[in-house]
Amino acid sequence: MRKQLPILVLFLAIIAVLASLRPPSNPGEYDVVGFGRLPVLVNGRTKPYDTVARTSLLYIQNRQAVRTPDGRRLQPIEWLLDVFFKPETADTYQVFLIDDPDLLALLGLRREDGLGNRRFAFTQMSDRLAEIQRQAELAGPVEPVTRNRFQKAVVELRGRLVLYQQLKHSLVPPDLADPLGSLMRLEEIVPQGIAAAQARQAGQAHDEALVEQMLDFAGRFATMQEFSHLLAIPPDTGADPTAWKGAGTALTEVFQAGRIHPYALVFAGMAQTWRSGPPDRFNGIVERYSGLLSDQLENRIGRVRLEAHFNAAAPFLTGMVLFALAGLGGVLSWLVWPEAIRKSVFALVAIGWVLTTVGILTRMWLEGRPPVTNLYSSALYVGWGAVALCLVLEWFFKNAIGSVAAGAIGFVALLIAHHLSFAGDTLEMMQAVLDSNFWLATHVVMITTGYSATFLAGFLALIYVIRGVFTRSLDGPTANALSRMVYGIVCFATLFSLIGTVLGGIWADQSWGRFWGWDPKENGALMIVIWNAVILHARWGGMAKARGIMALAIFGNIITAWSWFGVNMLGVGLHSYGFTDAAFLWLSVFILTQLSAIAVAMVPTERWKSFAAPTANA
């Protein structure tokens, strides 16, 4: 059994990964998967509607799952289709995250009225929209860092409601009972309606009812233009590939062109069949529209469809599970069946790393950028780099320490990335000052590799302290191996942090006209270099022995976390990404845990004296 265990674990892990990569299937008769693969332009990027659905739900409620009032579970794209085409039904879904008790009191809601005591429906607060807007406008002039809890909550809720209203007005007027029939009748009466409107303006006899009908449609289309941020109508073949336009704009053009844009009628047909069926007709419209776009958009449609499949596969979620199992299995290997479980855990880590690698490469191809472009992708890369180093350590030392470190760091990094995705689209367009693939591929990759290595050194030091104080599993050879691991990783981290910081200065000189300006982010990067140098000098000069080196490496976690996240939340400098309570809270908790570990490491015990002190050339 012990000999077969690694093969069995490897086989099961591969089966699980392959199962996650299967194409998604429709939950019912409607081809919602096909609709989710259709392209739309949002914030300068062409993406599938599936991405719009997922990122919108993450922003509105911090998760993608939706439950209807009757208990059914909806896929994100089903929710989005209801928002587009059956808004009166979508309004009843409890998806708006509200935690603040004062905001709930303002809305006249009780926690028990919400799904899970946290999520509420649009219909539950529709009569308080004006008050929400008023309170948000009062909080608007206040700096985000200084807003109180209620002000932050009401501004966040206003943003969620605005996004929801934008989605409702994206493809068809939300309150048209018969979208396709109404638009086709409008197309028929447009010439007479324009003539009647001109006669009315000239003071001549005219059909007043016809004019009012035209004005009603014009008002609906203008509202769509004002609210919608989705550009759903693609450009004509051979036109500027960025010249997409909103459905409201396309519908408004009927008053000049005398005919409704064919794709606007396509969306009206989808709305009609999504509401009343039959499913086959909806599926036929989706299939024909998809075929037209395949010919019209050529190569770009492939990226959009791959992104939809990538969303459904969720490789980072699967990787998170594999890393968690590997970390727990590595700890178990120190207690029972050390060789068999160690090999099994190494296989889990390797598969998780390969899956994460494929995920990062896919994101790079979709975005056309190097691996790190924002905080979300930096979390992916930091975890990926640390796990890669752990695999190297485990390959040489074969003591499960590298696998435990890989499992823990990989899991935490992907968990951080998951929470960072709540802000919206993680494949966002680059800011102009960062729009340089060369510097993103050199400075950013080098500096985040330094992050990975410094975190890894700190985590290996945590293993040393925890095993040395709370267990009897840290013997002399293991302590010596950990000391050599930390030393080698700190050398690696120093090299990459130093080169990355220098390259950052050169980029700053090209972008802002100065090599160094003591920006908080620049100072944070320099602190990492200096601290790693301090660790090396303390070891080379004999100023700290094994336990002291480990305490210094753990403090490196604090410095790296501050440089990575802390300086971004100060609200000052050229690298500030904005203050968030959640990030500040968890950063504070992390720092306290690291300080506690350092304090534990400093407690003198007889067991520390039995471990060999590191030498400069160990």
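Select Ile360, Arg363, Met364, Glu367, Arg369, Pro370, Pro371, Ser377 and Leu380: these residues line the largest cavity. The model is predicted, so local features need pLDDT of at least 70 and side-chain atom pairs count only at pLDDT 80 or more, while totals for chains, interfaces and linings use all residues. Residues are numbered from 1 along each chain as its sequence is written, and side-chain values use heavy atoms, with hydrogens and water left out.

**Stop 1: the cavities**

A cavity is a set of points on a 1 Å grid over the protein atoms alone where a 1.4 Å probe fits but cannot get out, and its lining residues have an atom within 4 Å of a point. Grid points are joined across faces, edges and corners, and a volume is the space filled by probe spheres set on the points. The count is two cavities of 30 Å³ or more.

Stay with the largest cavity, whose volume is about 50 Å³. Colour helix H17 (338-367) and helix H18 (375-397), each of which supplies at least two residues of this lining. Helices (H or I, at least four residues) and strands (E, at least two) are DSSP runs, numbered from the N terminus. H17 has the largest share of the lining, four residues. By type, the lining residues are five nonpolar, one polar and three charged. Here Ala, Val, Leu, Ile, Met, Phe, Trp, Tyr, Cys and Pro count as nonpolar, Asp, Glu, Lys and Arg as charged, and the others, Gly among them, as polar.

Next select Phe323, Trp353, Thr356, Leu380, Gly383, Trp384, Val387, Gly410, Ala413 and Leu414, which line the second largest cavity. About 40 Å³ of space lies there. H17, H18 and helix H19 (401-420) each give at least two residues to this lining, and H18 gives the most, with four. Seven of the lining residues are nonpolar, three are polar and none is charged.

**Stop 2: an open pocket**

Select Arg54, Gln64, Asn311, Ala312 and Ala314. Of the 43 residues that line the second largest pocket, these lie nearest its centre. A pocket is an open set of points with protein on both sides within 12 Å along at least five of seven lines. The volume of this one is about 1000 Å³. Among the elements that give two or more residues to its lining are helix H3 (49-61), strand E4 (73-74), helix H15 (299-313) and helix H16 (315-333). H15 gives the most, with seven residues. The lining divides into 22 nonpolar, 12 polar and nine charged residues.

**Stop 3: the nonpolar cores**

Which residues touch the most other members of the largest nonpolar core? Select Phe35, Tyr49, Trp79, Phe85, Leu186 and Met270, out of 85 residues in that core. Helix H8 (residues 149-168) gives the most to this core, with nine residues. A second, separate core of 79 residues includes Leu393, Ala453, Ala546 and Leu587. A nonpolar core is a set of buried Ala, Val, Leu, Ile, Met, Phe, Trp, Tyr and Cys residues joined through side-chain atoms within 4.5 Å. Buried means under 20% relative accessible area, exposed over 50%, and partly exposed in between (1.4 Å probe, protein chains only).

Centre on Phe35. Not counting residues up to four places away in sequence, Phe35 touches Tyr49, Ile77, Leu81, Phe84, Phe85, Leu171, Met270, Phe282 and Val286. Contact means heavy atoms within 4.5 Å.

**Stop 4**

Move to Thr273 in helix H13 (residues 262-276). Is Thr273 buried or exposed? Thr273 is buried, with a relative accessible area of 0%. Leaving aside neighbours within four places in sequence, Thr273 is in contact with Tyr30, Pro278, Arg281, Phe282 and Ile285. One of these contacts, Pro278, is in the loop between H13 and helix H14 (279-297). A cis peptide bond joins Gly277 and Pro278, with omega about 0 degrees.

**Stop 5: two positive phi values**

Most residues other than glycine have a negative phi, and most peptide bonds are trans. Select Lys398, in the loop between H18 and H19. Phi of Lys398 is near 50 degrees, a positive value, and Lys398 is partly exposed at 48% relative accessible area. Then go to Trp518, in the loop between helix H21 (476-512) and helix H22 (520-540). Phi of Trp518 is near 55 degrees, and this residue is exposed, at 59%.
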